[in-house]
Amino acid sequence: MEPFIQSYSLFSKYQTLLQVFSTRSGGFSKAPYNSLNLGMHSGDDKKTVTQNRDHFFKSVNIPKERLVFPEQVHSANVHLVSKPGVIAKCDALITSERNLFLTIQTADCFPVFLFDPRAGAIGIVHSGWRGTAAHIVPKTISLMENKLNCRTGNMLAAIGPGVQQSCYQVDTETASRFDAKFLLADGPGHFKLDVQGTIVEQLLASGIERENIEVDKTCTHCATDRYYSYRRDGKQSGRMMGVIGMR
Ligand SMILES: [Zn+2]
């Protein structure tokens, strides 16, 4: 079975750009990781995850030796990269190199894809509540402006699926780091938090035009057949992967 993969329409007219996001369909992992689990540190059998990754990268025609993987730690650390490999302690990558494919893995946290077609530069961000509270998306955009001559007026941004507000209860301490308009009271000492709405506001505040922002509002926690969800599946959750690169 071929992996079921999604791309955002905002990027589709750019022939040289490759942007994909995996779902859980079309892989080899057995339950509860069924089936296209791409997370190596998810508790799944590593040989099967390697087989899933090979299948995924082959299906989108990405050379395995041209990938960059951040060792995600829910930080606000952004790295400018120019060659393949693993980057320690970082949750966002940017580059202007062609034939270099930036990856992130998620299961509830939001994947954010950035592209400036004029500057020829891309970025990818893992933005969960911690990264969002620490402004990792605006930091990534600033670094693209400062190091890669990007202009926010030219930039495109897509936010992939993650856990939506209806399914995302947080405590008062977490809630206190977010604007009240992204919180709904949910019983004593608890709130429901809209991380994705916060990211949209951050993109707009950075200067990206609203028509250049695409938002996938699917909830990973609700879409059981399509996505992994850490909040739903806990330690036995697989991971989706987002990839962006310029051929
Ligand atoms: Zn949900």
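Student: In what order do the 3 strands of the open sheet stand, and what is their pairing?

Tutor: In this predicted model, the open sheet has the order β11-β13-β12, and its pairing is antiparallel. β11 and β12 (183-185) stand at the edges with a single partner strand each, so one side of each has no neighbour in the sheet. Neighbouring strands of this sheet are turned by 40 degrees against each other on average, with direction ignored.

Student: Which strands pair with β6, and in what sense?

Tutor: β4 and β6 are joined in the parallel sense over 3 bridges, whereas 4 bridges join β6 to β9, and these two run antiparallel. Ile94 takes part in both pairings, being the bridge partner of Leu80 and having Gly123 as its own partner in β9. Both faces of β6 are covered, with Ala92 and Ile94 buried on one side and Leu93 and Thr95 buried on the other.

Student: Why is Thr140 called buried?

Tutor: The label requires a relative accessible area under 20%, and Thr140 has 0% relative accessibility, so Thr140 counts as buried. Thr140 is found in helix α3 and, leaving aside residues up to four places away in sequence, touches Val78, Ala92, Ile94, Leu114 and Val125.

Student: What span is expected for α3, and what does the model give?

Tutor: Helix α3 (residues 136-148), with 13 residues, reaches 17 Å from its first C-alpha to its last, close to the 18 Å expected at 1.5 Å a residue. Among its buried residues are Ile136, Val137 and Met144, and the buried residues of α3 pack against β4 (78-80), β6 (92-95), β8 (110-116), β9 (121-127), α2 (129-133) and α5. Just after α3, Asn149 takes a positive phi of about 60 degrees.

Student: What caps the N-terminal end of α5?

Tutor: Asp194 does, through a side-chain oxygen that lies 3.4 Å from the backbone nitrogen of Gln196; since the limit is 3.5 Å, this distance also falls within it. Gln196 is one of the buried residues of α5, and just after this helix Gly207 takes a positive phi of about 110 degrees.

Student: How do you know that the zinc ion is coordinated by Cys167, Cys219 and Cys222?

Tutor: A donor must lie within 2.8 Å of the metal, and the SG atoms of Cys167, Cys219 and Cys222 are at 2.2 Å, so they qualify as donors. Their spacing along the chain is C-x51-C-x2-C. Cys167, in the loop between β10 (156-159) and β11 (169-171), and Cys222, in the loop between β14 (213-215) and α6 (230-233), are 55 residues apart, and the pair links distant parts of the chain.

Student: Are Cys167 and Cys222 buried or exposed?

Tutor: Cys167 has a relative accessible area of 18% and is therefore buried, the cut-off being under 20%, whereas Cys222, at 52% relative accessibility, counts as exposed, because that label applies over 50%.

How values were computed. Residues numbered from 1 in each chain as written. Predicted model: local features only at pLDDT ≥ 70, side-chain atom pairs only at ≥ 80, totals over all residues. Heavy atoms only, no water. Buried < 20%, exposed > 50% of the residue type's maximum accessible area, 1.4 Å probe, protein only. Polar contact = N/O pair within 3.5 Å; in protein donor to acceptor, adjacent residues only side chain to side chain. Donors = N, O, S within 2.8 Å, 3.2 Å for Na, K, Ca; no water. Expected span 1.5 Å × (residues − 1). Contact = heavy atoms within 4.5 Å. Pairing = 2+ DSSP bridges. Axes fitted to C-alpha atoms, helices over the stretch in contact; angles between N-to-C directions.
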